[in-house]
Amino acid sequence: MADGFIRWYRESGATSVFAEQVEMFEAHGMRLVHPVRGAAVVLDVEGEQVLMRPQELGRLLGLRIASITMEWWFSADINVIDAYAYEPLGCETQTLWLDGLTLQQADAVEAAVVAAATGLPTPTRAVIVDRRGYGDPDDWDSAVLYDGERLPAVADRVLVRDPLKEKLLRSFPESRSEEAGAGLTLLSPARPL
């Protein structure tokens, strides 16, 4: 079984909303700045930690020229790895990895992403919550990014808008459905996995 993850697909807005996202994540206990080092932490291609001023990280993300992997912090030694990527057709993805977190910490990550997805002005296409790692984040790219017909099995929860919502409900009619705000619907299996 793979590591659990949350993948957030959203449109690329005219201006970056990273500063607002940082505030929303902080409200859920996730800090961008390492509590001891006093800087944001970015991972280089070899997985080594590179310290960076938060403003510089925000500027780089706003340029949308490269994928960036960074860390959010619950404490000095408990982190969440976040892979930020820019996709064709004006979409951004963030994949937050849940491995090594307690249930409460994973709940906080999910709550932070859902709050940002429904509260930021940049429209969200989908949020995929797969806490147990039954699938791979890339399994959803075809359906979310390119309107593909192949749909992975719904994991724990999926936050989506039409037309993907209708495709998922047709493929998995037993799914529970609940309006989440900002034009998004929360879908989950009728029976827990």
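Predicted model: local features only at pLDDT ≥ 70, side-chain atom pairs only at ≥ 80, totals over all residues.
The largest nonpolar core comprises 32 residues, and Phe18, Leu57 and Trp72 have the most contacts inside it. At least two residues of this core are supplied by each of strands E1 (5-11), E2 (40-43), E4 (68-75), E5 (78-87) and E7 (124-130), and likewise by each of helices H1 (18-26), H2 (54-63) and H3 (103-119). The greatest contribution comes from H3, which gives five residues. Leu57 is in contact with Phe18, Leu32, Ala40, Val42, Met52, Ile68 and Met70, residues up to four places away in sequence being left out of account. In soluble globular proteins, nonpolar side chains tend to be buried together.

Aromatic residues were examined next. A pair of aromatic rings is described by the distance of the centres and the angle of the planes. Five aromatic pairs were counted in the model. In one of them, the ring centres of Phe18 and Trp72 are 6.2 Å apart; the pair is classed as tilted because the planes meet at 50 degrees, between the limits of 30 and 60 degrees. Since Phe18 belongs to helix H1 and Trp72 to strand E4, this pair ties together parts separated by 54 residues in sequence. Both partners fall below the 20% limit for burial: Phe18 is buried because its relative accessibility is 4%, and Trp72 is buried because its relative accessible area is 0%. The rings of Tyr84 and Tyr86 also form a tilted pair, as their centres lie 6.0 Å apart and their planes stand at 45 degrees. Tyr84 and Tyr86 are both buried. Together with Phe18, Phe25 and Trp72, these two tyrosines make up one aromatic cluster. A ring is also involved in a contact with a charged group: the charged end of Arg10 is placed over the ring of Trp8, at 4.1 Å from the ring centre.

Thr95 provides an example of a polar side chain within a strand, being part of E6 (residues 91-97). Thr95 is classed as buried because its relative accessibility is 3%. The side chain of Thr95 makes a polar contact of 2.7 Å with the side chain of Arg7. Apart from residues up to four places away in sequence, Thr95 touches Phe5, Ile6, Arg7, Ile81, Asp82, Ala83 and Pro137.

Key
Residues numbered from 1 in each chain as written. Heavy atoms only, no water. Helix = DSSP H or I, 4+ residues; strand = E, 2+ residues; numbered from the N terminus. Buried < 20%, exposed > 50% of the residue type's maximum accessible area, 1.4 Å probe, protein only. Polar contact = N/O pair within 3.5 Å; in protein donor to acceptor, adjacent residues only side chain to side chain. Contact = heavy atoms within 4.5 Å. Core = buried A, V, L, I, M, F, W, Y, C linked by side-chain atoms within 4.5 Å. Phe/Tyr/Trp six-rings, centres within 6.5 Å; stacked < 30°, edge-to-face > 60°. Lys NZ or Arg CZ within 6 Å of the ring centre and 35° of its normal.
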